Amino acid sequence: MADEQKDYEQLLDNVYKNLPEKAKHSGERFETPKFEYFTEGNKTIVKNFKAVADKIRREPSMLIKFFSKELAVPAEQQGERMVLARRLTGDMVNSKLEDFVSRYVICKECKRPDTNIQEMGHGFRQLVCESCGARAPIKG
Ligand SMILES: [Zn+2]
């Protein structure tokens, strides 16, 4: 009797264990990825540069240009990394990344990151949202 009870509980246990874990829908709020970086001599090296560019779906060259201009420092891509020719302290690198994302990635209307950049010619660009269809001119 006692054994049967134990078997039954064990069976239940197994059933629960084998239930697929509910998919977590974090979806609604986009979290800006963070750069992982370190300094070496007079340089700041962003290790996960390419991964972050992929995640926010922007051309690495656009990010390079932005960082170089915003931080007034030469920047270049080296494989998966971005190398900034200055030792940067604090979390300047990630706060600039947040600026970039809010300017060039997040839709102003629905706040989602599912956007792309459309060249309009004559140097004009638009941020086009794939979720809600909003369009916003990009400055700079
Ligand atoms: Zn939108």
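**Reading the Sheets, the Helices and the Core**

Student: Which strands form the open sheet, and in what order?

Tutor: Strands of a sheet pair through backbone hydrogen bonds, either parallel or antiparallel. Here three strands make up an open sheet in the order E5-E6-E7, with antiparallel pairing. Its edge strands, each pairing on one side only, are E5 (115-121) and E7 (135-138). From one strand to the next, the twist averages 30°, where axes are lines fitted to C-alpha atoms, for helices over the stretch in contact, and angles run from 0 to 180 degrees between N-to-C directions. Two strands are said to pair if DSSP finds at least two bridges between them.

Student: What should I know about the model and its numbering?

Tutor: Residues are numbered from 1 along each chain as its sequence is written. The model is predicted: local features need pLDDT of at least 70, side-chain atom pairs count only at pLDDT 80 or more, and totals for chains, interfaces and linings use all residues.

Student: How many helices and strands does the protein chain have?

Tutor: The protein chain has four helices and seven strands. Helices (H or I, at least four residues) and strands (E, at least two) are DSSP runs, numbered from the N terminus. Along the sequence, the pattern is α-β-β-α-α-β-β-α-β-β-β.

Student: How many bridges join E5 to E6?

Tutor: Six bridges join E5 to E6 (residues 124-129), and the two strands run antiparallel. Gln 118 has Gln 126 in E6 as its bridge partner, and Glu 119 stands opposite Arg 125 in E6.

Student: What lies between E5 and E6?

Tutor: Most residues other than glycine have a negative phi, and most peptide bonds are trans. E5 and E6 form a hairpin with two residues between them, and His 122 in the turn has a positive phi of about 50°, although His 122 is not a glycine.

Student: Is His 122 buried or exposed?

Tutor: A residue is buried if 20 or more other C-beta atoms lie within 10 Å of its own, exposed if 12 or fewer, and partly exposed in between; C-beta atoms are placed from the backbone. His 122 counts as exposed because it has 5 C-beta neighbours inside 10 Å. Ala 72 lies in the loop between H3 and E3 and is exposed, because 8 other C-beta atoms are within 10 Å.

Student: Which strands does E2 pair with?

Tutor: E2 (43-46) pairs with E1 in the antiparallel sense over four bridges. Within this pairing, Phe 38 has Ile 45 in E2 as its bridge partner. E1 and E2 form a hairpin with two residues between them, and Gly 41 in the turn has a positive phi of about 60°. Three bridges also join E2 to E4, again running antiparallel, and Thr 44 stands opposite Leu 84 in E4. E2 has a covered face, Thr 44 and Val 46, and an uncovered one, Lys 43 and Ile 45.

Student: Which residues form the largest nonpolar core?

Tutor: In soluble globular proteins, nonpolar side chains tend to be buried together. A nonpolar core is a set of buried Ala, Val, Leu, Ile, Met, Phe, Trp, Tyr and Cys residues joined through C-beta atoms within 7 Å. The largest one here has 12 residues: Phe 35, Tyr 37, Val 46, Phe 49, Val 52, Ala 53, Leu 63, Phe 67, Ala 75, Met 82, Leu 84 and Leu 97. Two or more of these residues come from each of H2 (49-56), H3 (60-70) and E4 (81-84). H2 gives the most, with three residues.

Student: Where on H2 do its buried residues lie?

Tutor: The buried residues of H2 are Phe 49, Val 52 and Ala 53. Seen down the axis of H2, they fall within an arc of 100°, so they line one face of the helix; the arc is that of the directions from the helix axis to the C-beta atoms. These residues pack against E2, H3, E3 (75-78) and E4.

Student: Which residues does Met 82 touch?

Tutor: Two residues are in contact if their C-beta atoms, placed from the backbone, lie within 7 Å. Not counting residues up to four places away in sequence, Met 82 touches Val 46, Phe 49, Ile 64, Phe 67, Ala 75 and Gln 77.
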